[in-house]
Amino acid sequence: MAARVYDKIPIVDTARRCGLVLDSRTLHHSEVEASCPFCGDHGAGKYHLSLNTDTDQYRCNLCGASGNSVTLYARLMGVTSKEAYQALKLEGKVYPMPQQPTPKTQERQPLPLEARHAMYSDMLEHLTLLPRHQDNLLERGLSKERIARNQYRSMPETERGRRLLAALLRSDGYDLLGLPGFRTYYGEWTLSGPKGFLIPVRNKDGLIQGLKIRLDDADDPGRKYRWLSSRGLPGGARSYSWVHVTGDTSKKRAFLTEGPLKGDVASYLSGSDALFVCIGGVNALHGLKDTLVDLGVTEVVEAMDMDQMTNEQVRKAILAIRREVQQIRGIKKYSKYTWSQAYKGVDDYLLSRVAER
Ligand SMILES: [Zn+2]
């Protein structure tokens, strides 16, 4: 993240708000010691996390985790730095009961696809799409009908709403352990993640593999999308960069692009329900080959963003994608979809054509 000057936010106050256990013997020192929520100190009752009251920075002498008040809060609460800053500046000082972290064992894997699909489908039923998010989707060229069909939803805005959502899923009979995005917070289940709207990422049969969040407030303008994940958080599970399939899966020609929303929009704007296969990023190829083979497509058309070929690393990654796809037996034709440089993505280009009609 780019350097940014924040107002002084006392690190010990922040640690209390995050529920960290402080070593009371060090409270009057300039370095206050706390139990590390990131590694659990490799055993209970130890204090490897140093809180420097001069610089308001933290650092774990065991796992090396480090940062300031804002990044500590953001990491533990699963929100963006901007959201953490706002929370720390605006909310009253209500501290939860400190809780001893549990030593970290192996990272929890996500539940199987069928379980994720069932639980995420139920979750989407309980959520709505806020008007500002609907406007954002309409501006991209989607119709209200398509927006409804694709099931975009807004992240619950409040902590109370998130806990309620988790409670509803549990009352529907689901165990949230292993569903990326959900975590426990002092024993209570809640949803973790920044504010924004959710984009279902589906396999070729329409099953929801995972959800991507289009952030309201991205720290980095180049990273407006994040997987819904609760990796490393209590009760949480990681996500993977799943491949998204959208459009008519009976088609023999697939367009290849990056980002599930871009694919949804481009497929809709194509006017013919074109088949789009969307990878999570140029370096996220896992599952691409299997998806194309399972779909039985014979032709792949590359429709990556136009500006990507100017970045050397991205260019290399795209060439690697090309090689991987061209090696698939059954794919007879591989071509590159080109359009005016004035439009960054295939969705922007198709939107301009629709506007002309
Ligand atoms: Zn640590």
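Start with the open sheet, which has five strands in the order β11-β13-β12-β14-β15, with mixed pairing. Keep in mind that this is a predicted model. Which strands stand at the edges? They are β11, residues 244-246, and β15, residues 333-336. Each has a single partner strand, so one side of each is left without a neighbour in the sheet. On average, neighbouring strands here are turned by 25° against each other, ignoring direction.

Now look at one pair within the sheet. Strand β12, residues 253-258, runs parallel to strand β13, residues 275-279, and five bridges join them. L256 stands opposite V277 in β13.

Two helices to point out on this sheet. α8 packs on it and touches β11, β12 and β13, with a direction at about 170° to that of β13. Helix α9, residues 288-295, also packs on the sheet, touching β11, β12, β13 and β14, and its direction makes about 165° with that of β13.

Helix α8, residues 260-269, also packs with helix α11, residues 346-356. Their axes are 9 Å apart, at an angle of about 30°. With angles under 35 degrees counted as roughly parallel, α8 and α11 are therefore roughly parallel to each other. Their crossing is left-handed. On the α8 side the contact has K262, V265, A266 and L269, and these meet V346, D347, L350, L351 and V354 in α11. By type, that contact has seven nonpolar residues, two charged and no polar ones.

Last, the overall layout. The protein is divided into domain 1 (11-90), domain 2 (113-227) and domain 3 (244-356). The C-alpha centres of domain 1 and domain 2 are 29 Å apart. Seven residues from domain 1 and nine residues from domain 2 make up their contact.

Key:
Residues numbered from 1 in each chain as written. Predicted model: local features only at pLDDT ≥ 70, side-chain atom pairs only at ≥ 80, totals over all residues. Domains from an automatic or database assignment. Axes fitted to C-alpha atoms, helices over the stretch in contact; angles between N-to-C directions. Helix = DSSP H or I, 4+ residues; strand = E, 2+ residues; numbered from the N terminus. Parallel < 35°, antiparallel > 145°, perpendicular 65-115°, else oblique. Left-handed = near helix turned anticlockwise from the far one by under 90°. Nonpolar A, V, L, I, M, F, W, Y, C, P; charged D, E, K, R; others polar. Pairing = 2+ DSSP bridges.
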